[in-house]
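I opened this model to look up how its secondary structure is laid out and how some of its elements pack. My entries follow in the order in which I looked.

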Amino acid sequence: MLAAVDVDGHDAPSLRRAYEAVVTDAVETVGEHAVVEGTALDGDTVSALADEDAESPTLTLAEAAAIVALSTDRDADAIAADARDRLLLELSSAVLDVDALAQGLDGDATPKELQAKMEGRHPMNLAEYAEIRVFVAGER
């Protein structure tokens, strides 16, 4: 699943692509129609996920988890929670706080915004998730 993707050997863009590959595999497994019916995503977004030549749509961690859940026996909320928990554990292992994380990332998210995203109170897209995981892995 998403949390199981190993960060080693990845930069943020390649890690995001690895997450997208997990999502694309789930779309291929269950079919585009099932994804449209089983998630809040529209048909165009799902079609873009299935089309190797299309630009990858921006997905939130929750949306990606909802798609992956359709191909597993796990609940979407549990998949997203596992991914966020993995991130928080890695952050703790690296002995980083959200202030240090915010300073180290290229984005303009405040520590408070990052904390809310990592706790699931605000949406976090796969690119942000990948960027945070790569940064934290580099600090361990």
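Read from the N terminus on, the elements run α-α-α-α-α-α-α-α.

I noted that this is a predicted model, in which local features need pLDDT of at least 70 and side-chain atom pairs count only at pLDDT 80 or more, while totals for chains, interfaces and linings use all residues. Residues are numbered from 1 along each chain as its sequence is written, and side-chain values use heavy atoms, with hydrogens and water left out.

For confidence I looked up pLDDT, the predictor's score for each residue from 0 to 100, and the protein chain averages 94, with 100% of the residues at 70 or above. Among the elements, H4 has the highest mean pLDDT (98) and helix H6 (residues 98-104) the lowest (93).

I then turned to helix packing, with axes as lines fitted to C-alpha atoms, for helices over the stretch in contact, and angles from 0 to 180 degrees between N-to-C directions. Helix H1 (residues 12-30) and helix H8 (residues 126-139) have axes that come within 8 Å and cross at roughly 125 degrees. H1 and H8 are therefore oblique to each other, since angles under 35 degrees count as roughly parallel, over 145 as roughly antiparallel, 65 to 115 as roughly perpendicular and the rest as oblique. Their contact (heavy atoms within 4.5 Å) includes Leu 15, Arg 16 and Tyr 19 of H1 and Tyr 129, Glu 131 and Arg 133 of H8.

The second pair I looked up was helix H4 (residues 61-70) and helix H5 (residues 76-93), whose axes come within 8 Å and cross at roughly 130 degrees. H4 and H5 are therefore oblique to each other. In this contact, Leu 61, Ala 65, Ala 66, Val 68 and Ala 69 in H4 meet Ala 76, Ile 79, Ala 80, Ala 83 and Arg 84 in H5.

Last, I noted that the C-alpha atoms fill a box of roughly 45 × 30 × 25 Å along the principal axes.

Definitions and conventions. Helices (H or I, at least four residues) and strands (E, at least two) are DSSP runs, numbered from the N terminus.
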